[in-house]
Amino acid sequence: MAVAPMIDYRHRRECLRDWAMPPDAWHKIADQLARQPSPRYISEDRARLAATAYVWTQVTLGETQFAPQPSESRNNAELDTAWSQDRFSIGHWIRQNKVPLYQQMKPLLDVFAEQLVHGIEMERSNGQLARSLAN
């Protein structure tokens, strides 16, 4: 029976230290959501940054409170405050999987996280292969 290789979550966290979901990737996800007008609407950018924290937790198996703050919100006092609140509340609603919008969003973000994992692991294995060939 084959044993699966150990997953280096530290490496994943290092790769995502200053990462934020690219706006174009967020727009592809957001365009697939059937949204209804809501008094609790948050801006696209705030939703993207909160989704960044959720994806980070999926890729690293880390806790939301340890998700690194995207650099773009560090330099903007309004986004800084919003990100601190939104990463917890949006992450909670996505994990609860009871609200229709977040029921639609969760599988899309999970697929994005899997693609990100694949990219990180491919880059790592290619780097290891290049080092082993150089020796």
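**Exercise 1. Placing Ala113**

Find the helix that holds Ala113, decide whether Ala113 is buried or exposed, and list what Ala113 touches beyond its sequence neighbours.

*Solution.* 
- Step 1. Ala113 sits in helix H6 of this predicted model.
- Step 2. Its relative accessible area is 4%. Buried means under 20%, so Ala113 counts as buried.
- Step 3. Leaving out residues up to four places away in sequence, Ala113 touches Val55, Gln58 and Val59.

**Exercise 2. The nonpolar core**

Work out how many residues the largest nonpolar core has, and which of them have the most contacts inside it. Then say which element gives the largest share.

*Solution.* 
- Step 1. The largest nonpolar core has 31 residues. Met21, Trp26, Val55, Val59, Leu109, Phe112 and Leu116 have the most contacts inside it.
- Step 2. Two or more residues of this core come from each of these elements: helix H2 (23-30), helix H3 (44-60), helix H5 (77-96) and H6.
- Step 3. H3 gives the largest share of this core, with nine residues.
- Step 4. Now zoom in on Val55. Beyond neighbours within four places in sequence, Val55 is in contact with Trp19, Met21, Leu109, Phe112, Ala113 and Leu116.
- Step 5. As background, nonpolar side chains in soluble globular proteins tend to be buried together.

**Exercise 3. The cavity and Thr52**

How many cavities of 30 Å³ or more does a search of the whole structure find, and which residues line the largest cavity? Follow up with the surroundings of Thr52.

*Solution.* 
- Step 1. The search of the whole structure finds one cavity of 30 Å³ or more. The space in the largest cavity is about 40 Å³.
- Step 2. Its lining is made up of Leu16, Trp19, Thr52, Ala53, Trp56, Ala67 and Pro68.
- Step 3. Sorted by type, the lining has six nonpolar residues, one polar residue and no charged ones. Threonine is not among the residue types that count as nonpolar or charged, so Thr52 is the polar one.
- Step 4. Thr52 is located in helix H3, and at 3% relative accessibility Thr52 is buried.
- Step 5. Setting aside neighbours within four places in sequence, Thr52 is in contact with Trp19, Ala20, Met21 and Pro70. Trp19 also belongs to the cavity lining.

**Exercise 4. Salt bridges**

How many salt bridges are there? Take three of them, with Arg10, Arg12 and Asp110, and describe where the partners lie.

*Solution.* 
- Step 1. The count comes to five salt bridges. The cut-off to keep in mind is a side-chain nitrogen within 4 Å of a carboxyl oxygen.
- Step 2. Arg10 pairs with Glu14, with 3.2 Å between the closest N and O atoms. Both residues belong to helix H1 (residues 9-15) and are four residues apart, about one turn of the helix. Arg10 is exposed at 58% relative accessibility, while Glu14 is partly exposed at 37%.
- Step 3. Arg12 pairs with Glu121, and their closest N and O atoms are 3.0 Å apart. This pair links distant parts of the chain: Arg12 is in helix H1 and Glu121 in helix H6 (residues 100-134), 109 residues apart. Arg12 is buried at 7% relative accessibility, whereas Glu121 is partly exposed at 28%.
- Step 4. Asp110 pairs with Lys106, the closest N and O atoms being 2.8 Å apart. The two are four residues apart in helix H6, so about one helical turn separates them. Lys106 is partly exposed, at 21% relative accessible area.

**Exercise 5. Positive phi**

*Solution.* 
- Step 1. Start from the background: most residues other than glycine have a negative phi.
- Step 2. Leu61 is not a glycine, but its phi is positive, about 55 degrees. Leu61 belongs to the loop between H3 and helix H4 (71-74), and is exposed with a relative accessible area of 59%.
- Step 3. Asn97 is not a glycine either, and has a positive phi of about 55 degrees. Its place is the loop between H5 and H6, where Asn97 is partly exposed at 34% relative accessibility.

Note on methods. Residues numbered from 1 in each chain as written. Predicted model: local features only at pLDDT ≥ 70, side-chain atom pairs only at ≥ 80, totals over all residues. Heavy atoms only, no water. Buried < 20%, exposed > 50% of the residue type's maximum accessible area, 1.4 Å probe, protein only. Core = buried A, V, L, I, M, F, W, Y, C linked by side-chain atoms within 4.5 Å. Contact = heavy atoms within 4.5 Å. 1 Å grid on protein atoms, 1.4 Å probe; cavity = no way out; pocket = protein on both sides within 12 Å on 5 of 7 lines; lining within 4 Å. Points joined across faces, edges and corners; volume = space filled by probe spheres on them.
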